[in-house]
Amino acid sequence: MSVATSLQLTLRPLTGRDNPAIASVIRTVSAEYGLTADKGYTVADPNLDSLYEIYSKPGHAYWVVEQDGKVVGGGGIAPLQCSEPDICELQKMYFLPQARGQGFAKKLALQALDFAREQGFRRCYLETTASLTEAIALYERLGFTHIDGPLGCTGHVDCEVRMLKTL
């Protein structure tokens with residue numbers, strides 16, 4: 001006998017009430033992949049518990065993936081700090097296992113890139129780590145190319161994979 005599971009996934013903008021849930025997703029996925037705070041990964045971000053406030057600023061946006069009323073993933077876009085004004089950064093793309101493999105990361109990334117173009121950005125940067133092979137493959141399919149060195153001042157010193165896309 002098989003049991004059907006609900007896959008009611010929706011993509012929507014982040015709200016203030018989502019702060020604890022998306023912070024929990026980021027911490028859970030970071031632990032799953034061994035991305036610890038002492039290495040400068042997103043889990044060390046001092047604003048992790050107040051993402052709505054960060055992404056409510058002009059030029060910023062964040063979306064969450066929700067399954068049956070529970071936040072199971074998210075990702076966003078923001079201007080790249082300490083960089084040229086035409087470069088944005090794809091940020092904080094994290095998905096719990098039940099939200100993976102269903103196209104939501106691609107859908108969210110495409111929505112973020114569309115938002116970036118609407119905001120006037122001409123290039124999009126991202127940083128990740130080599131252990132996130134599925135994410136890297138997605139970014140490559142979306143047209144991101146590997147670059148040799150970091151851009152901006154993200155503080156993610158152990159993110160050895162850096163990519164850039166012309167919008």
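1. V72 lies in strand β3. Helices (H or I, at least four residues) and strands (E, at least two) are DSSP runs, numbered from the N terminus.

2. Before going on, a word on what you are looking at. This is a predicted model, in which local features need pLDDT of at least 70 and side-chain atom pairs count only at pLDDT 80 or more, while totals for chains, interfaces and linings use all residues. Residues are numbered from 1 along each chain as its sequence is written, and side-chain values use heavy atoms, with hydrogens and water left out.

3. Which residues does V72 touch, leaving aside those up to four places away in sequence? They are L9, V25, V65, E66, Q67, Y94, F95, L96, Q98 and A99, where a contact means heavy atoms within 4.5 Å. Take Y94 from that list: V72 and Y94 are 22 residues apart in sequence, and their C-alpha atoms are 8.4 Å apart in space.

4. Now look at helix α3, residues 104-118. The expected span of a helix is 1.5 Å times one less than its number of residues. For the 15 residues of α3 that gives 21 Å, and the end C-alpha atoms are 21 Å apart, so the two agree. After α3 comes G120, which has a positive phi, near 95 degrees.

5. Which residues of α3 are buried? They are F104, L108, A109, A112, L113, F115 and A116. Their cover includes the strands β1 (9-13), β2 (61-67), β3 (70-79), β4 (87-95), β5 (123-128) and β7 (161-166).

6. A salt bridge is a side-chain nitrogen of Lys or Arg within 4 Å of a carboxyl oxygen of Asp or Glu. R117 and D114 are separated by about one helical turn, because they are three residues apart in α3. Both ends are partly exposed: R117 has a relative accessible area of 38%, and D114 has one of 41%.

7. How many salt bridges does this rule give? The count comes to seven. One of them joins E66 and R12, with 2.9 Å from N to O. This pair links distant parts of the chain, since E66 is in strand β2 and R12 in strand β1, 54 residues apart. E66 counts as buried at 17% relative accessibility, and R12 counts as buried at 15%. R12 and E66 also belong, with D18, to a network of salt bridges.

8. Another bridge pairs R123 with E84, whose closest N and O atoms are 2.8 Å apart. Here too distant parts of the chain are linked: R123 is in strand β5 and E84 in the loop between β3 and β4, 39 residues apart. R123 counts as partly exposed at 22% relative accessibility, and E84 is partly exposed with a relative accessible area of 46%.

9. Next, the nonpolar core. In soluble globular proteins, nonpolar side chains tend to be buried together. A nonpolar core is a set of buried Ala, Val, Leu, Ile, Met, Phe, Trp, Tyr and Cys residues joined through side-chain atoms within 4.5 Å. The largest one in this model has 44 residues, and those with the most contacts inside it are I22, W63, V65, I77, L90 and F144. Its largest share, seven residues, comes from α3. If you click on L90, you can look for its neighbours G76, I77, A109, A112, C124, Y125, L126, Y139 and F144, a list without residues up to four places away in sequence.

10. Finally, the aromatic rings. Rings of Phe, Tyr and Trp (its six-membered ring) pair if their centres lie within 6.5 Å; planes under 30 degrees apart count as stacked, over 60 as edge-to-face and the rest as tilted. The count comes to three aromatic pairs. One of them, Y55 with Y62, is tilted, at 4.9 Å centre to centre and 50 degrees between the planes. Y55 is buried at 6% relative accessible area, and Y62 counts as buried at 4%. W63 and F115 form an edge-to-face pair, 6.0 Å centre to centre with 80 degrees between the planes. That pair links strand β2, which holds W63, to helix α3, which holds F115, across 52 residues. W63 and F115 are both buried.

Key. Buried means under 20% relative accessible area, exposed over 50%, partly exposed in between (1.4 Å probe, protein chains only).
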